[in-house]
Amino acid sequence: MAFDIDMIKKVYSQVAERVTAAREITGKPLTLAEKILYSHLWDGKADKAFSRGKDYVDFAPDRIACQDATAQMALLQFMQAGKVKVAVPTTVHCDHLIQAKVGADKDLQTALNTSNEVFNFLESVSNKYGIGFWKPGAGIIHQVVLENYAFPGGMMIGTDSHTVNAGGLGMVAIGVGGADAVDVMAGMPWELKFPKLIGVKLTGKLSGWTAPKDVILKVAGILTVKGGTGAIIEYFGPGAEAMSCTGKGTICNMGAEVGATTSTFGYDESMERYLRSTDRSDIADAANEVKEHLTGDPEVYANPEQYFDQVIEINLSELLPHLNGPFTPDLATPVGEMNKKATENDWPLKVEWGLIGSCTNSSYEDLSRAASIAQQAIDKGLKTKAEFGINPGSEQVRYTAERDGLLDIFEKLDAKIFTNACGPCIGQWAREGADKAEKNSIIHSFNRNFAKRADGNPNTHAFVASPEMVAAVAISGRLDFNPLTDKLVNENGEEVMLDEPTGWELPPRGFDVEDAGYLAPEEDGSHVNVVVNPDSERLELLTPFAAWDGKNITGAKLLIKAFGKCTTDHISMAGPWLRYRGHLDNISNNCLIGAVNAYNKKTNSVKSQITGDYDAVPATQRAYKAAGVPTIVVGDHNYGEGSSREHAAMEPRHLGVRAVIVKSFARIHETNLKKQGMLGLTFANENDYDLIQEDDTFNFLDLDQFAPDRQLALEIVHADGTKDTIQLNHTYNDSQIEWFKEGSALNLIKKQNS
Ligand code: F3S
């Protein structure tokens, strides 16, 4: 599918020299993560050893992947950059906007009927700008990337947090916001704080009921949902080498659930086998020539405590199958302990659905091992107690699994085979009865199990397990079923046990597919017309934000002083608003509606200084904009934490907010504000937050002298006529100040290209 072997060969031709230089500058042997990071520096060479967890470093990723929900705004922005083509190989994958309901054919058609406008837009933009396009039904972004684009020692970014899945094929693959992806598409460097390093040594060997999924379920239990924050997790040891490549992908995928920047494994024979079976022998041959640079140095793995910031050791021979949940993926329970824990916590023991698939666990190996359990249910006369749903990860896996009779086995158990897409994993699941909101349990092989994630019902208790455990538990219908010890009663009243799962790492007859669902872009897409209906409610071409007029902002009013936690979800909610991700004006109607107003402790209720009345935040701000009144937003600590979605910065900018002044920012949101040409400032004295009153007027005094490391002065005129002047800090460097002056980073890129 048009993977770029020349690009990969170029990476490999440089790797020896770059790794050697990195060893010299750091004065030590290197982990794999360090080798990949140091060999992808924007400047080619480091002038110092970077400080982990401290230094911001510019990188040059090899690839970009975007999924349909995030690609809309990313591509709308890229269209403004004034480029004729993306600078780095990029693909778009249509997988999030397809609801699972009755089965693949009908569900796909429904998605095409309801979201065709968005799919057509993504297809035509891709065609115009040299982006590979994967049609709806082609598969889930991360499985498709693993099958087609990931390569050992590479670096990629993707506009989805589970981009990290590609670590299974030895990459450093990182999830980012659309604005970051746009920079790289436009040929600019990508900045990342140099990560800390966590080493996970895997000894022993998986066997019986234990699967790669259980490794990450165990790691999640150890690290918790925050334990990997700011770190790359690197797996090594004999247990790692004995595991399949797609199994490694599963482990890396769920690194997102412990907050890790990404996870990775060193190049080994399982990766070589996977590359060859997915028709990429030329990459395997090229990788074999530089393989010592595609894994950590032996000294590192011999003395991990010396080289990693934290080391975890897991003996796979002793590892038990786990079920993690409900409501959080780090609540880990080994299979034999579930009865006690579920009873203590009053989790429903009856399991109503077993879902297999998602980007996490939808490989051929996953389906074959789960099918071996399903086949036993048929052979042993067991009647399935829960319903089954299957989401194959890609058309290639689906086609091959169908050819080999695996899907037929599930269908004999009345399983619904959903589209090769995210479906229930992202709440795109029209589950019958979910609206009844009754307490119930489901089990799935996905990665996330937050409340409401799968079916929108807050009372659904979702447990995460390996595909084979999902199959066994769904057949038994009981959350506390332990297939290692428990018997089931079949339709003849006989007691039977399920044997250990069996399966194939790779299809014995090889992969096959008729139409993988890929559309290559035209070599010269300059003639391609991207059509966006001006009446569309889903899509809207972006209008460049206005450049700064060079004057101090004066007479500004307070839109909202946010109280307490204000995440990107509070600033730009998800849920039903997903529909408007490609329409800035429509999605701006959710601007700050989740933020708590510090004066009345209510959400979406702020005082208009034009009318004196309280109204919704977006309506109030639109009235200020119409009246030509500038506004500011004030916030507390860690403002903008959570998702990297740039809508949270673009919406206030679009609606005419001029500055966001807070006690502290979450880093990505602060960058997003800067990129969109907004002033993102912090109180030099955080107690000045308390000085801000509801009816204040704000005058910047020295914005015309905006410069790096120079505070800005803000005059606050209170309603009683008294005044305070406070100092504001900022972290803008020279080029970021240019973004502000030009109106946005994109405006600057465009100017440089014209
Ligand atoms: Fe899709 Fe769920 Fe993965 S939403 S990308 S299958 S985490």
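In strand β11 (residues 310-315), the residue that bridges to Val200 is Ile312. Helices and strands here are DSSP runs, helices being H or I of at least four residues and strands E of at least two, numbered from the N terminus. The model is a predicted one: local features need pLDDT of at least 70, side-chain atom pairs count only at pLDDT 80 or more, and totals for chains, interfaces and linings use all residues. Residue numbers start from 1 along each chain as its sequence is written.

β8 and β11 run parallel and share six bridges. Strands count as paired if DSSP finds at least two bridges between them. β8 also has a parallel partner in strand β9 (residues 231-236), again through six bridges. There, Val200 is bridged to Tyr235. From β8 the chain passes through helix α7 (residues 212-223) to β9, a right-handed β-α-β crossover. Right-handed means that, with the strands pointing away from the viewer, the path from the first strand over the helix to the second runs clockwise. A residue is buried if 20 or more other C-beta atoms lie within 10 Å of its own, exposed if 12 or fewer, and partly exposed in between, with C-beta atoms placed from the backbone.

Next comes another sheet. It is open, and its six strands follow the order β6-β5-β2-β3-β4-β21 with mixed pairing. Strand β5 (residues 155-158) pairs with β6 in the parallel sense over four bridges. One of the bridge pairs is Gly158 with Gly175 of β6. Strands of a sheet pair through backbone hydrogen bonds, either parallel or antiparallel.

Now the domains. The protein chain is assigned domain 1 (5-318), domain 2 (322-482) and domain 3 (556-753). These bounds come from an automatic or database domain assignment. Between the C-alpha centres of domain 2 and domain 3 the distance is 43 Å.

Which domains supply at least three residues each to the shell around the ligand? They are domain 1 and domain 2. The ligand is surrounded by 13 residues, and the closest are Ser358, Cys359, Cys422, Cys425 and Ile426. A residue is near a molecule if its C-beta atom, placed from the backbone, lies within 6 Å of it. The shell holds six nonpolar, five polar and two charged residues.

An unreviewed UniProt entry annotates residues 558-686 as "domain: Aconitase A/isopropylmalate dehydratase small subunit swivel". That stretch is 28% helix and 19% strand, and its end C-alpha atoms are 17 Å apart. Ala666 sits in the loop between β26 (657-662) and α23 (667-675). Ala666 is buried because 21 other C-beta atoms lie within 10 Å. Its C-alpha atom is 8.1 Å from that of Gly642, 24 residues apart along the chain.

Some backbone details remain. Most residues other than glycine have a negative phi, and most peptide bonds are trans. Gly325 and Pro326 are joined by a cis peptide bond, with omega about 0 degrees. Pro326 lies in the loop between β12 (322-324) and β13 (332-334). Asp279 has a positive phi of about 65 degrees. Its loop runs between α10 (269-277) and α11 (281-289). Asp279 is partly exposed, with 15 other C-beta atoms within 10 Å. Lys601 also has a positive phi, near 55 degrees. Lys601 is exposed, since 10 other C-beta atoms lie within 10 Å.

Technical notes
Nonpolar A, V, L, I, M, F, W, Y, C, P; charged D, E, K, R; others polar. UniProt positions renumbered as here; feature names shortened; annotations may be inferred.
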